[in-house]
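Please look through the sequence and the model shown here before reading on.

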Amino acid sequence: MQHFTNLINLASARLGAQALAANDEFFAPKENLLKPEAPVFIADKYTDRGKWMDGWETRRRRTPGHDWCIVKLGLAGVVRSVVVDTTFFRGNYPSHCSVDACGVPEGTSAADLTNERITWHQILPQSELRGDAENTLPIDDARRFTHVRLNIFPDGGVARLRVMGDALPDWTRVLAHADDIDLASVANGAHVVDTSDHFFGEPANMLMPYAAANMADGWETRRRRGPGHDWSVVHLGIEGAVHRLEVATTHFKGNYPESCSVESSVIYDVRGGVSADSSTVRAHWTPVLPRTPLRPHDLHVFDQGAIAHGLTATHVRLNIFPDGGISRFRVLGMPTTSARRAAVLRVLNAMDEPELRGALANFLGSPAWIDRMIRARPFKSVQEIYSAGDAAIATLGREDWLEAFRHHPRIGERAAERPQSEIASGWSAREQAGVDTATVSDVSALAEANREYERRFGHVFVTFASGKSAGEMLAELRTRLSNDPAKELEIAAAEQRKITRLRLEKILG
């Protein structure tokens with residue numbers, strides 16, 4: 001048996017990592033840092049700028065300072081260590097390095113990341129490097145980051161940068177929809193606990209969110225010459241009810257398993273430090289999929305008609321008979337209420353402030369409310385989130401509410417005065433779904449009533465639209481036109497409170 005670490009390379013280009021900016025890349029480009037393959041050396045290869053090197057290399061510095069490169073992580077998460085690989089850089093490697101990190105909303109530009117408005121947190125102090133070596137440097141920081149900045153002192157070349165850590169998805173985004181998710185994806189925090197064999201290919205490859213490129217991109221065991229079968233145990237990213245399995249043998253044609261089966265278990269960490277992963281050897285395993293024949297180079301989908309009903313799992317075990325290769329393994333399901341609440345609590349507490357501001361704006365767009373929610377961390381329970389939200393709402397004044405209203409589109413429209421995230425825009429559209437089936441005359445009447453309302457009150461009409469028809473919303477709007485501005489602001493604020501509560505409940509269950 002082989003025991004595995006759950007760390008993955010968050011800066012893998014195959015997971016979407018990008019080298020966004022560098023102050024210098026005179027001899028070799030920054031993009032080389034993230035290449036998945038090992039660095040190579042070609043003795044007689046030169047460019048018009050000098051010796052070709054498989055890495056990022058800056059010019060010789062003749063002024064004070066240091067060089068740097070900003071990397072957007074392919075998966076945001078908690079960084080546990082960095083590997084600064086200086087392979088083949090012998091007389092031109094940096095003497096030291098340090099690493100900074102930040103967490104920012106999706107879509108933050110390279111220009112934004114290089115201005116003074118972004119706060120970078122040092123997660124690795126200046127540390128000595130060895131040349132022509134893989135320098136593994138531990139990190140002790142529990143925050144969730146989306147970007148890192150590698151600083152090299154004073155200049156030189158680095159072949160590869162690997163940022164090893166735990167993927168920690170933004171569960172407020174993942175859980176915003178009611179669809180099943182891949183519980184076994186590394187993008188959702190899943191990892192391999194144990195396996196019987198990984199001679200030709202690592203089992204963690206099965207959990208990657210991208211398609212397998214070839215046989216080397218899957219899990220493959222050696223040829224079995226005795227009795228038994230091979231298996232891998234996967235710790236799911238979040239506990240959930242299993243609704244569908246996908247087992248792909250893509251690229252495995254003469255070496256695919258004859259058959260497979262899947263089992264599940266629910267195992268929790270034991271108070272006192274015994275991890276759930278360590279307990280899998282003694283776990284009670286329940287059949288999910290009986291032993292089922294497989295085909296070569298194919299995708300096998302097992303839905304509710306083929307798998308056991310009503311099973312909840314934290315871990316699954318994929319058995320292959322007798323040996324062979326699997327390219328991808330998916331476990332589609334719905335997170336349990338308790339698991340989703342724990343996941344949201346963890347990510348809200350771990351997010352860096354800029355990213356957290358963007359996440360909280362999906363629930364209520366008032367900066368004053370967001371400020372108070374941030375100061376209320378860490379949240380220890382779901383009730384603390386609700387209580388902090390209510391307490392923050394109670395302090396909001398007129399201008400705070402007006403700013404919150406600017407994040408809502410008019411009834412019957414899609415765009416708000418302030419930019420909305422994809423999540424907030426989707427929520428608004430579903431909350432106003434009653435307009436989708438409205439008659440042309442009702443839509444026209446709503447548009448005219450919206451304009452009249454805004455002329456009278458100076459802000460968009462806000463209503464708890466969920467479950468209301470276009471006619472009901474139009475009638476409510478017309479009734480509220482008779483209110484005085486102070487009374488109407490009070491009513492609109494109360495409607496906003498209900499919207500905020502509904503959106504929190506959507507992700508917390």
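## Helix α8 and its partners

Against which helices do the buried residues of α8 pack? In this predicted model, the buried residues of α8 pack against α2 (171-174) and α11 (485-508). The buried residues of α8 are Ile423, Ala424, Gly426, Trp427, Ser428 and Glu431.

Two packed helices are described by the angle between their axes and the distance between the axes. For α8 and α11, the axes come within 12 Å and cross at roughly 110°, and because angles of 65 to 115 degrees count as roughly perpendicular, α8 and α11 are described as roughly perpendicular to each other. The crossing of α8 past α11 is right-handed. On the α8 side the contact is made by Ala424, Trp427, Ser428 and Glu431, and on the α11 side by Ile499, Leu502, Arg503, Lys506 and Ile507. Sorted by class, this contact of α8 with α11 has five nonpolar residues, one polar residue and three charged residues.

Glutamine 432 lies in the loop between α8 (422-431) and α9 (440-457). Is glutamine 432 buried or exposed? With a relative accessible area of 6%, glutamine 432 is buried, because the term applies under 20% relative accessible area.

The side chain of glutamine 432 reaches the backbone nitrogen of glycine 412 at a distance of 3.0 Å.

## Helices α4 and α5

The contact draws on Glu353, Leu356, Arg357, Leu360 and Ala361 of α4, together with Pro367, Trp369, Ile370, Asp371, Met373 and Ile374 of α5. By class, the contact of α4 with α5 has eight nonpolar and three charged residues, and no polar ones.

Threonine 87 is found in the loop between β7 (67-85) and β8 (96-102). Its relative accessibility is 18%, and threonine 87 therefore counts as buried, given that the cut-off is under 20%.

The side chain of threonine 87 makes a polar contact, at 2.4 Å, with the side chain of aspartate 85. Beyond its neighbours within four places in sequence, threonine 87 is in contact with Pro39, Asp132, Ala133 and Ala159. Threonine 87 and glycine 157, which are 70 residues apart in sequence, are 9.4 Å apart in space from C-alpha to C-alpha.

## The protein as a whole

How many helices and strands does the protein have? There are 11 helices and 23 strands in the protein, and its C-alpha trace spans about 80 × 65 × 50 Å along the principal axes.

Of the 509 residues in the protein, 52% are buried. Among contacts between residues at least 6 apart in sequence, 78% join residues at least 24 apart.

Terms used: Residues are numbered from 1 along each chain as its sequence is written. Side-chain values use heavy atoms; hydrogens and water are left out. Helices (H or I, at least four residues) and strands (E, at least two) are DSSP runs, numbered from the N terminus. Buried means under 20% relative accessible area, exposed over 50%, partly exposed in between (1.4 Å probe, protein chains only). A polar contact is a pair of N or O atoms within 3.5 Å; within protein, one must be able to donate a hydrogen and the other to accept it, and residues adjacent in sequence count only if both atoms are side-chain atoms. Contact means heavy atoms within 4.5 Å. Ala, Val, Leu, Ile, Met, Phe, Trp, Tyr, Cys and Pro count as nonpolar, Asp, Glu, Lys and Arg as charged, and the others, Gly among them, as polar. Axes are lines fitted to C-alpha atoms, for helices over the stretch in contact, and angles run from 0 to 180 degrees between N-to-C directions. Angles under 35 degrees count as roughly parallel, over 145 as roughly antiparallel, 65 to 115 as roughly perpendicular and the rest as oblique. A crossing is left-handed if the near helix is turned anticlockwise from the far one by less than a right angle, and right-handed if clockwise.
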